[in-house]
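Please read this briefing alongside the sequence and the coordinates.

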Amino acid sequence: MKELSLNILDVAENSVKAGASLTEILIDENDETLVLTIKDDGCGMSGEIVKSVIDPFYTTRTTRKVGLGIPLLKLACEQTGGTLDIKSRTAEEYPDDHGTQVTATFYKQHLDFTPLGDVVSSILTLIQGHPDTDFYFRHTFVGGEAYVDTRELRQVLGDVPLNSYEVIKWIEEYLNEQYQGNN
């Protein structure tokens, strides 16, 4: 993928499909590294499935026979000298503490570092497409931070749906202001 924001969208969509009620998207960035963590409280995966998801010829989808999201993210990490780590706990084994965490570490100075891209649009797409799922997004970078938490928005908005045009536009402006105010 040409932008890491598309990888974020892909992995977070997998979280929603796994039944997550909360998906956390955390980006911790400094001058040397970018660490992307996507954590959910979905159904989780067995150890066997975790090992197989990095295989591009493995997928749980029935519409196509290959799954490229995680393998492409792994490749993007490794091309910079970074790593990809996946931890998961199934709901069957851990009914009170289950889900999956994907952590990707990139070295930004490497020639093959994939740019972050339009992360705001990816977050907006997730919220708009899944208004009943909660998302917590936080990007810390040199000089600042940008974040949004749909749980907080729900408390303020009450019955107003998160995917209404006005709410989506407000979230977009809110995130863009945080990025502009910190650069």
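The notes below concern a predicted model and are grouped by topic.

**The sheet**
- The sheet is open and is built from 6 strands, which follow one another in the order β3-β4-β2-β1-β5-β6 with mixed pairing.
- At its edges lie β3, which spans 83–89, and β6, which spans 144–149, and each of these strands pairs on one side only.
- From one strand to the next, the twist averages 5 degrees.
- Strands β1 (residues 22–29) and β2 (residues 33–40) run antiparallel and are joined by 7 bridges; glutamate 24 has lysine 39 in β2 as its bridge partner.

**Helices against the sheet**
- Helix α5, covering residues 150–157, packs on the sheet, where it touches β1, β5 (134–141) and β6, and its direction makes about 55 degrees with that of β6.
- Helix α6, covering residues 165–181, lies across β5 and β6 and runs at about 165 degrees to β6.

**The second largest pocket**
- The volume of the second largest pocket is about 210 Å³, and of the 13 residues that line this pocket, Lys39, Asp40, Asp97, His98 and Gly99 are the closest to its centre.
- Strands β1, β2, β3 and β4 (99–107) each supply at least two residues of the lining of this pocket.
- Sorted by class, the lining comprises 7 charged, 5 polar and 1 nonpolar residues.
- Lys39 therefore belongs to two parts of this picture, given that strands are DSSP runs: lysine 39 is the bridge partner of glutamate 24, and Lys39 is also among the lining residues closest to the pocket centre.

Key
Residues numbered from 1 in each chain as written. Predicted model: local features only at pLDDT ≥ 70, side-chain atom pairs only at ≥ 80, totals over all residues. Heavy atoms only, no water. Pairing = 2+ DSSP bridges. Helix = DSSP H or I, 4+ residues; strand = E, 2+ residues; numbered from the N terminus. Axes fitted to C-alpha atoms, helices over the stretch in contact; angles between N-to-C directions. Contact = heavy atoms within 4.5 Å. 1 Å grid on protein atoms, 1.4 Å probe; cavity = no way out; pocket = protein on both sides within 12 Å on 5 of 7 lines; lining within 4 Å. Points joined across faces, edges and corners; volume = space filled by probe spheres on them. Nonpolar A, V, L, I, M, F, W, Y, C, P; charged D, E, K, R; others polar.
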